[in-house]
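My comments are below as numbered points, to be read with the structure open.

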Amino acid sequence: MRPRKLRLAHLPTPIAEVTRLREIIGCRVWVKRDDMTGGPEAGNKIRKLEYLLADAVDLRAKVVVTCGALQSNHARATAVLAARLGLRAKLFLRLRHGESLPAKATGNHFVDRLVGADISTVTPEEYRDRGTIMADAASELERRGERAYVIPEGGSNGLGALGYVDAMSEIAEQGRLGLCPRSFDHVFFACGSGGTAAGIALGVAKTGLAGRVHAACVCDDAEYFETAVRRIVPETQSFDTDLASLSSRPPIAFDDREKGPSYGVMSKEQRALVVRVARETGLLLDPVYTGKAMSTLAAQVRRGEVKPDANVLFIHTGGLPGLLAESAAFEGEL
Ligand SMILES: *Cc1c(COP(=O)(O)O)cnc(C)c1O
């Protein structure tokens with residue numbers, strides 16, 4: 001039986017061709033507005049959290065424990081939704097090397113604090129053991145009589161990824177209604193922990209929505225994500241008999257050539273693209289995820305890997321609070 005999900009997101013999200021992107025990118029681009037899945041909790045994580053938080057509620061958890069970078073969109077979405085559901089949120093947030101907690105919270109971190117999340121910071125070294133850190137925190141909470149539910153980084157496990165299988169069915173339905181093409185040559189999106197990629201790959205295999213699936217790696221290299229997604233996919237298939245008959249290796253191309261200098265840091269050219277897209281289309285991309293996904297698409301068109309007559313589906317996964325927290329990095333480009 002397919003797991004239950006809570007109705008937390010505003011669905012279906014809009015989909016439309018952004019005609020002026022053709023000038024900038026060099027092919028036709030339809031944008032799925034998953035940056036509009038909600039209010040302050042918006043972005044791609046809410047689709048996963050609809051399943052994960054249903055599981056937490058069914059297990060009578062009182063606290064949800066999760067992790068991410070200091071400006072994690074996933075941690076913020078979890079904290080806001082926990083507040084909405086009357087749960088507490090315990091967050092382990094990773095600082096950069098040598099970084100200390102900023103005196104003034106900004107962006108996602110500010111929202112985490114506003115909604116009352118319990119925040120512990122961890123170093124990059126400690127973060128490698130995030131699974132153990134979260135399991136220990138959950139045991140400690142249980143000892144105090146509070147049932148805890150651990151959500152992995154990015155909400156990226158088999159259960160969470162079902163949210164993006166559903167998203168592909170949602171777009172296929174929008175195609176049947178005439179709101180977008182019934183199928184696309186390519187789909188592009190940002191890949192940070194792999195759950196979205198696993199869900200999209202399975203959803204595309206199920207619906208035939210796109211010819212090729214491209215995951216734009218934003219931090220680690222293609223090999224890392226191939227391994228991560230290969231682990232998530234069979235777990236997702238185990239929850240749904242329709243998915244069980246599909247290949248456990250649905251086709252997906254991981255492109256790490258535009259991952260930029262490091263996690264959350266863009267090259268000057270990438271920042272220029274974010275600024276140009278904002279000015280000419282009104283679409284706001286973020287420096288961690290969607291900006292790098294768009295520059296991956298632009299680079300593939302430039303290299304002739306995506307043809308000028310292709311129809312491309314771009315999944316806008318959100319990230320606005322992270323952009324607002326990075327205003328200083330863009331000063332030179334404005
Ligand atoms: C988390 C996130 C992604 C990546 O999704 P994963 O499932 O973690 O790979 C992409 N875009 C935004 C804005 C995100 O917050």
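1. Glu280 and Arg276 pair in a salt bridge, with their closest N and O atoms 3.0 Å apart; the term here means a side-chain nitrogen of Lys or Arg within 4 Å of a carboxyl oxygen of Asp or Glu. The two residues are separated by about one helical turn because they sit four residues apart in helix H11 (residues 268-281). Helices are DSSP runs of H or I with at least four residues, strands are runs of E with at least two, and both are numbered from the N terminus. Glu280 is partly exposed at a relative accessible area of 33%, and Arg276 is partly exposed at 35%. For these classes, buried is under 20% relative accessible area, exposed is over 50%, and partly exposed lies in between (1.4 Å probe, protein chains only). Elsewhere, salt bridges that share partners link Arg2, Lys5, Glu50, Asp166 and Asp240 into one network.

2. A word on the basis of all this: the model is predicted, so local features need pLDDT of at least 70 and side-chain atom pairs count only at pLDDT 80 or more, whereas totals for chains, interfaces and linings use all residues. Residues are numbered from 1 along each chain as its sequence is written, and side-chain values use heavy atoms, with hydrogens and water left out.

3. How many salt bridges does the structure hold? The count is 23. One of them joins the side chains of Glu41 and Arg84 at 2.7 Å, N to O. Glu41 lies in the loop between strand S2 (28-33) and helix H2 (45-58), and Arg84 in helix H3 (residues 73-85), so this pair ties together parts that are 43 residues apart in sequence. Is Glu41 buried or exposed? Glu41 counts as buried, at 6% relative accessibility, while Arg84 is partly exposed at 43%. Asp35 and Arg33 also meet in a salt bridge, at 2.8 Å, N to O, and Arg33 is partly exposed at 25% relative accessibility.

4. Next, the cysteines. There are zero disulfides in the structure, taking a disulfide as a pair of cysteine sulfur atoms within 2.5 Å. Cys67 is in none, and the nearest cysteine sulfur, that of Cys219, is 13 Å away. With 1% relative accessibility, Cys67 counts as buried. Cys180 is likewise in no disulfide, its nearest cysteine sulfur being that of Cys27 at 15 Å, and Cys180 is buried at 7%.

5. Asp220, Asp221, Glu223 and Glu226 gather in a patch of negative charge. Glu226 belongs to helix H9 (residues 222-237) and is partly exposed, at 34% relative accessibility. The other patch is nonpolar: Leu284, Leu320 and Leu324 together have about 280 Å² of accessible area. Leu324 lies in helix H13 (residues 320-325) and is exposed at 57%. Patch members have over 30% relative accessible area and no salt bridge; like charges are joined within 9 Å, and nonpolar side chains (Val, Leu, Ile, Met, Phe, Trp, Tyr) within 5 Å. Areas come from the Shrake-Rupley method with a 1.4 Å probe, and for residues only the protein chains shown count as cover. Lys and Arg count as positive and Asp and Glu as negative, without His and the chain ends; each charge is placed at NZ of Lys, CZ of Arg, CG of Asp or CD of Glu.

6. Finally, Ala135 sits in helix H6 (residues 130-143) and is partly exposed at 37%. Ala135 and Arg20 are 48 Å apart in space, C-alpha to C-alpha, and 115 residues apart in sequence.
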